[in-house]
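Please examine the model shown below. This briefing then sets out selected points by topic.

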Amino acid sequence: MSTATNPALQLNMSQLLSRALEAEMGRDDRIVVFGEDVGGLGGVFGATRNLQRRFGERRVRDTPISEMAFTGLAVGAAQAGLRPVVELMFVDFIGVCLDQVYNQAAKNAYMSGGAVSVPLVLRTAVGLIGAAAQHSQVLSATFAHLPGLKVVMPGTPGDGPGLLLSAIRDENPVVFLEHKLLLKQRAGTARHPGAIDALDQPIPLGQAATVRSGGDLTIATAGWAVQQSLEAASVLADDGIEAEVVDLRSLVPLDRETLTSSAARTGRLLVVDEDYLSYGMSGELIAVVCEELWEHRPRVARHALPDVPIPASRPLEEAVMPNPRTIAEAARRLVLA
Amino acid sequence: MLDLEVAYRSMVRMRAVEEAVQLGVISGEIHGEMHVGIGQEAIAAGIEPLLTDDDAVVSTHRPHLHALVHRVNPVAMLAELFERDGGLCHGKGGHMHLFSPDRDFMCTGIVGASVPIALGYAFARHYRERAGLAVAVLGDGAANIGAFAESLNLAALWRLPVVFLCEDNGYGISVARDAATAGAIERRGEPYGIPGRRVDGTDVTAVYDAAEQAFGQARAGQPALLVCDCYRWSGHYEGDTDHYRAQAEKDAAMTAERDPIQRLRARLIAGRANEDELTEAEAAERARVAEWVAEARAKPSPNPADALSGVFV
Ligand SMILES: Cc1ncc(C[n+]2csc(CCOP(=O)(O)OP(=O)(O)O)c2C)c(N)n1
């Protein structure tokens, strides 16, 4: 099927994810889904729609607003042989249950000397939605910093299902970060639809996608910022600057090879990140590239959320969030400097 | 059925294991923080006859006794405690993070974190319609963490086969229970419809009788809460100066009548058990533990290079 006529282009990522989950649950009865409002409502962003109707309350369960209890329950259930897919409604709520994620799920395989594994997926919605400081964060680096968690963040709607399949089939705990704007946007209107023609194919974790080729600079990014960067790239192209855009797809594992070989080719790396600037993904990717390519003296820059809580009012929000215009400006500065 | 002589032997083994561990701390073979359960043996011994191969136990930072009664391989456990390779976790877990998936036993060093994880083991049984329950062990201090309240609600709501087993040794490190805990822990399940009881945790029969009921309920899908009174005979950790507990209090609490082992011994003798035979049994159990310890200590040290592997499976 050619991309242009693919009916999946009419769907948004939440619909695509729920279909992937449904198919995978049909194949594997170890999968159980927990979370707030995942049942009758099908998730506040719709990514578990239809699941309870199809699989019943036994497998798809609305939980009380008890994140500590249900993430802990998922850890125990995973160690006892199930494959829980847990929804944390907004990533911002991780504060109330982080212990079970980073002290238990992330560490139990290591601490047990390999005796146990914790194959659970923590799906959670991230990113900007006009909901201010406690409902707009990405926090990807927070998870990526903690050893033992795989951290996946689709940057295109079509990659969501394939990445989710790999996350579910992984023996390790995976934090799966779904950007709200991707969840809600029709795939056909995305700058890049991702693997929309291969929705049932798992996408291996740790394989970045070069979603645009160009020779003047590399923009490495993930999540919604992939779409923003693609838009910036088309603006830059009008000025004769060709950006290569690398969608990391997973922060852990990190596809160092794609990142460094692109940066080696272009000689310039701009990291765009909707997460906070300091001690974050941007610094990390730049360190990786500089360590690996120090002989090439790559030129580097980062464009991320400045170190402030995300404000509520639109003009304030726009002042801090990377957008295509600010990304293009950052790219121009790097290329023209 | 609770066989008092079997329970006696079991408690003697527990004590011997903990004493060996204390020596390991003194000798420096165990360099980390170490929490032992001396004085709390009757609780583990009281649930021992009720635990089956189908059950899971999720314990705390004071886990050794629960591991022993859930029949975790004792040599493998001791090897882990003595920081050797070839034990439960190859030196990567240590005494607060023991994992024995063949027994569905684990423990955690985060106070209260054992409770929701136990719910997960219970859920897996419930989901698979398999026999078995999960025991969530917690201390009195852990009863004040939010995860406990959340878990009581969730267990009741989903009718999970779980027993909340609270070992109330009167302290969370240095803070006395009454300085940290409002109301009665055994009543904290009531609003959720979870019946609770408090028993004398130094009396193995009292523990067993109450646990029999609690386990029976949990196996029928009605979570249960059991609080066992005991006293922590050692410091919070080995090396704790323990100056915060008044000597008079310790003297009053740590008597032969309140020592679960001596108490049971006196009862067995009053019930016309042969004293010499008991002494022999005790020596035999201690010898057995000494063999375990020797076997564990003979295992090699871990290879430092292994520290970097195994983050992901
Ligand atoms: C969440 C958390 N807070 C604090 C600690 C430090 N800590 C370890 S044991 C302990 C006391 C626990 O008391 P209790 O639950 O009664 O168990 P006990 O030590 O008496 O067996 C504390 C505060 C911890 N490990 N985890």
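This is a predicted model: local features need pLDDT of at least 70, side-chain atom pairs count only at pLDDT 80 or more; totals for chains, interfaces and linings use all residues.

Residues are numbered from 1 along each chain as its sequence is written, chains are lettered from A in the order in which they are written, and side-chain values use heavy atoms, without hydrogens and water.

**Extent of the interface**
- Chain A contributes 44 residues and chain B 40 residues to the contact (heavy atoms within 4.5 Å).
- About 3,400 Å² is buried between chain A and chain B, with 66% coming from carbon and sulfur atoms; buried area is the accessible area (1.4 Å probe) that two parts lose on being put together, summed over both.
- A:Leu73, A:Tyr110 and A:Met111 lose the most area on the chain A side, together 20% of what that side buries.

- One salt bridge is counted between the chains (a side-chain nitrogen of Lys or Arg within 4 Å of a carboxyl oxygen of Asp or Glu).
- This salt bridge joins the side chains of B:Arg128 and A:Asp29, at 3.1 Å from N to O.

**Helix α9 of chain A**
- Helices are DSSP runs (H or I, at least four residues), numbered from the N terminus.
- Buried residues of α9(A) include A:Trp224, A:Leu230 and A:Leu236 (under 20% relative accessible area, 1.4 Å probe, protein chains only).
- A:Gly240, which follows α9(A), has a positive phi near 85 degrees.

Conventions. Buried means under 20% relative accessible area, exposed over 50%, partly exposed in between (1.4 Å probe, protein chains only). Helices (H or I, at least four residues) and strands (E, at least two) are DSSP runs, numbered from the N terminus.
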